Amino acid sequence: MSAQLGTSECRLGLMRLGSVGEAEVVIPPISQESLLRKDVVTLCWPNRISSSVLSGGAWQPTLPLENIANKVFAKKARSLNLEESSTQFRIALDKGRPIAVVSLAAHNLSQVAEIRVVAYANVDGAGMVYDSGYLPAWPASYLPETLEWEDNNFWFGDADLDVDSEYTPLTTVFFGDIYNAEAVDVFIRDLSNVDGYVDIGRCFISGAWQPETNMSYGLEYGHLIKTSVEEANDGTEYFDRKRAKRTVSVSLDWLTQSEAFSRIYAMQRDQGIDREILFAHELNASDESFYRTFIGRLQQPDPIANPYFATHTNRINIQEII
């Protein structure tokens, strides 16, 4: 995705963003790490939202903006209406942090909704370092063979989850590189949403990490299903249905010593089994992107192995948070 730099203040929505003038073009500083590769597994942590200050927009008093920093996805923030001035907000980080992704989970954004993310070097909104421009909130992520002629999204391929779908809605904006930022603005444009408001269950904002050598073949995707069943005397089964959680298991078999310990070992200690990790199979847009990108947590971490000289291995097991 390309950044749209030098956008005038009058085009940056109803919240005044930064101090970019009409004739001024802001050039991003050199990013802190190399350009993110599109075809490599990407892990993002830690989520900086809980240590940030949130402001902007207009939100219902009983469902305030602060709820996007609550770990319980079901505890929503809800806008008062669909005006763009009501559905935007600013994330002021506790200090300059490497940021590469912003994701909104458990939302009610419509099929035509758009999202824009703008990042700044300074907490007051000065020094724009990244601007995503307006992007579709839903990726073109359907599996073509599952579409019927009469489906609403047959021609355009936009994601169109049925009301009974048990997938957690997720909108993710990867910056394409890692920028040091103190503030991030999020704009949501969804004026035709039939609900009359925007709901957001969780916001995820962090840097990103990719291994030098991609994950090995043999990765496994699955579901953790804890639906319970009881059987009556006559053999009739009664189910207490629970939503399935996606799982993924990937092997990183060619880690350097630095990657093994400064990244994976540190991640295991810091994230434990209770803190969030955003998993993306790859950053390339594909029909499967929606299914292979989710917010999860580590299951019990596997140990780091050292099978060969200067080579370490680790298997990472992640289960979805819903």
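A residue is taken as buried when its relative accessible area is under 20%, as exposed when that area is over 50%, and as partly exposed in between, with a 1.4 Å probe and protein chains only. R202 has a relative accessibility of 1% and therefore counts as buried. The structure is a predicted model, in which local features need pLDDT of at least 70 and side-chain atom pairs count only at pLDDT 80 or more, while totals for chains, interfaces and linings use all residues. Residues are numbered from 1 along each chain as its sequence is written, and side-chain values use heavy atoms, without hydrogens or water.

R202 is part of strand β10. Helices (H or I, at least four residues) and strands (E, at least two) are DSSP runs numbered from the N terminus. With contact defined as heavy atoms within 4.5 Å, and residues up to four places away in sequence not counted, R202 touches N47, I49, S50, I68, A69, N70, K71, F73, S103, L104, A105 and E276. One of these, S103, is 99 residues from R202 in sequence, with a C-alpha to C-alpha distance of 8.2 Å. A polar atom of the R202 side chain lies 2.7 Å from the backbone oxygen of A69.

In the protein, 1 helix and 18 strands are assigned. Of the 322 residues, 47% are buried. Among contacts with a separation of 6 or more, 76% are between residues 24 or more positions apart.

A nonpolar core is a set of buried Ala, Val, Leu, Ile, Met, Phe, Trp, Tyr and Cys residues joined through side-chain atoms within 4.5 Å. The largest such core has 34 residues, of which I68, F89, I91, F175 and V186 touch the most other members. Two or more residues each are given to this core by β4 (89-105), β5 (114-120), β6 (128-131), β8 (170-189) and β10 (202-206). The largest share, 7 residues, comes from β8. Neighbours within four places in sequence aside, V186 is in contact with T87, Q88, F89, I91, V102, L104, I115 and R116. A second, separate core comprises 19 residues, including V41, L255, A260 and L298.

Strands β12 (residues 228-231) and β13 (residues 237-240) run antiparallel and are joined by 4 bridges; strands pair if DSSP finds at least two bridges between them. Within this pair, F239 of β13 stands opposite V229. The two strands, β12 and β13, form a hairpin with 5 residues between them, and G235 in the turn has a positive phi of about 95 degrees.

Key: A polar contact is a pair of N or O atoms within 3.5 Å; within protein, one must be able to donate a hydrogen and the other to accept it, and residues adjacent in sequence count only if both atoms are side-chain atoms.
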